[in-house]
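These are my notebook entries on a structure that I had not examined before. I record below what I looked up, entry by entry.

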Amino acid sequence: MTYEDFKRTIRDYLKATPEGATWKELKEELGLPYKTPCQTWINQLEEEIGLLRKRKKGNALLWELK
């Protein structure tokens, strides 16, 4: 999976899920091949699509769009 594929997949899912999702939920729902997300890619997503990871759901950060 390229970064562009990852970005498109995450962006489209989060647009359809305004309440946000944890990494575990994203990984399971989207069938992502990564155990943990690449920090470099997370930083790029924050800049390019407005990814936020601040609110918590239990101990996990919620991924959502601005």
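**Entry 1: the start of the chain.** I began with Met1, which is placed in the segment before H1; helices (H or I, at least four residues) and strands (E, at least two) are DSSP runs, numbered from the N terminus. The model is a predicted one, in which local features need pLDDT of at least 70 and side-chain atom pairs count only at pLDDT 80 or more, while totals for chains, interfaces and linings use all residues. Residues are numbered from 1 along each chain as its sequence is written, and side-chain values use heavy atoms, with hydrogens and water left out.

I looked up the accessibility of Met1 and found it partly exposed, at 46% relative accessibility. Here buried means under 20% relative accessible area, exposed over 50%, and partly exposed in between (1.4 Å probe, protein chains only). Leaving aside neighbours within four places in sequence, Met1 is in contact (heavy atoms within 4.5 Å) with Phe6, Thr9, Leu32, Pro33, Tyr34 and Trp41. Met1 and Tyr34 are 33 residues apart along the chain, and their C-alpha atoms are separated by 9.7 Å.

**Entry 2: the aromatic rings.** I then asked how many aromatic pairs the structure holds. There are six. Rings of Phe, Tyr and Trp (its six-membered ring) pair if their centres lie within 6.5 Å; planes under 30 degrees apart count as stacked, over 60 as edge-to-face and the rest as tilted.

Tyr3 and Trp41 form an edge-to-face pair, with 5.5 Å from centre to centre and 65° between the planes. This pair links distant parts of the chain, since Tyr3 is in helix H1 (residues 3–16) and Trp41 in helix H3 (residues 39–48), 38 residues apart. Tyr3 counts as buried at 11% relative accessibility, and Trp41 counts as buried at 18%.

A tilted pair is formed by Trp23 and Trp63, at 5.4 Å centre to centre and 35° between the planes. Trp23 lies in helix H2 (residues 23–30) and Trp63 in the loop between strand S3 (60–61) and strand S4 (64–65), so this pair ties together parts that are 40 residues apart in sequence. I noted Trp23 as buried, with a relative accessible area of 12%; Trp63 is buried at 1%. Ring pairs join Tyr3, Phe6, Trp23, Tyr34, Trp41 and Trp63 into a cluster.

**Entry 3: H1 against H2.** At what angle do H1 and H2 pack? I found about 105°, with the axes 12 Å apart; axes are lines fitted to C-alpha atoms, for helices over the stretch in contact, and angles run from 0 to 180 degrees between N-to-C directions. H1 is therefore roughly perpendicular to H2, a term for angles of 65 to 115 degrees. On the H1 side, Phe6, Thr9, Ile10, Tyr13 and Leu14 meet Trp23, Leu26, Glu29 and Leu30 in H2.

**Entry 4: two buried residues.** I looked up Ile42, which is placed in helix H3 and is buried, with a relative accessible area of 1%. Beyond neighbours within four places in sequence, Ile42 is in contact with Pro37, Leu51, Arg53 and Trp63.

Glu64, in strand S4, is also buried, at 13%. The Glu64 side chain makes a polar contact with the side chain of Arg55 (3.1 Å). A polar contact is a pair of N or O atoms within 3.5 Å; within protein, one must be able to donate a hydrogen and the other to accept it, and residues adjacent in sequence count only if both atoms are side-chain atoms.

Methods
Angles under 35 degrees count as roughly parallel, over 145 as roughly antiparallel, 65 to 115 as roughly perpendicular and the rest as oblique.
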